[in-house]
Amino acid sequence: VSARDLLHECVASTRSEEIERLREMVLLLRAAPMSLSGYARVPQTEAIEALLDCGAAFSAAMSIIDEEANFILSRGRNGICLVSMVQPGESQELTAEARTVSLALLAALLTVLIVGAERARDGIMRAPGPLAAGRRMH
């Protein structure tokens, strides 16, 4: 599964699907050709599987996010969760929404990874302009 496909799956998924999305994220991170420093970390297989097997989705999601990552989490009355994350070395927030905290964390992290990879591919060294539709997920 691609990062962009997984992003869309995270946004569309329900609570019953979040463990599956977390497993897909771990597989994606293990195969990632990019540097994840300041974004994400690849958890130990035994540790992440133990969390997922007991349904600890939030703890599993937090184990994937690098401790240097900056993010803000909110949940509205309607239960929709928003996560804004700042790319390392940048000031622009990228925001994603989903039905659970864990899915929103994954969606925000995927957004940061996708934008970072696109900027690296295009050789962009400055802060990007307004986000195109699909990058800002709320």
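Strands β2 and β3 make a hairpin with six residues between them, and Gly89 in the turn has a positive phi of about 80°. The two strands run antiparallel and are paired over six bridges (strands count as paired if DSSP finds at least two bridges between them). Val86, for one, has Glu93 of β3 as its bridge partner.

All of this comes from a predicted model, where local features need pLDDT of at least 70 and side-chain atom pairs count only at pLDDT 80 or more, while totals for chains, interfaces and linings use all residues. Residues are numbered from 1 along each chain as its sequence is written, and side-chain values use heavy atoms, with hydrogens and water left out.

Stepping back, the chain has five helices and three strands, in the order α-α-α-α-β-β-β-α from the N terminus. Here helices (H or I, at least four residues) and strands (E, at least two) are DSSP runs, numbered from the N terminus. Of the 138 residues, 45% are buried, meaning under 20% relative accessible area with a 1.4 Å probe and protein chains only; exposed means over 50%, and partly exposed is in between. Among contacts (heavy atoms within 4.5 Å) with a separation of 6 or more, 56% join residues 24 or more positions apart.

Next comes the core. The largest nonpolar core holds 38 residues, and Cys10, Leu22, Met25, Ile64, Leu109 and Leu110 touch the most other members. Such a core is a set of buried Ala, Val, Leu, Ile, Met, Phe, Trp, Tyr and Cys residues joined through side-chain atoms within 4.5 Å. Helix α5 gives the largest share, 13 residues. Leaving aside neighbours within four places in sequence, Leu109 is in contact with Met25, Tyr39, Ala40, Ile64, Ile65 and Met85.

Helix α4 (residues 57-64) has Ala57, Ala60, Ala61, Ser63 and Ile64 as its buried residues. These sit on the same side of α4 because they cover an arc of only 160° around the axis, taken from the directions from the helix axis to the C-beta atoms. The cover over them includes α2 (18-31), α3 (45-53) and α5 (101-122).

As for the cysteines, Cys10 counts as buried because its relative accessibility is 0%, whereas Cys54 is exposed, at 59% relative accessible area. The disulfide count is zero, going by pairs of cysteine sulfur atoms within 2.5 Å.
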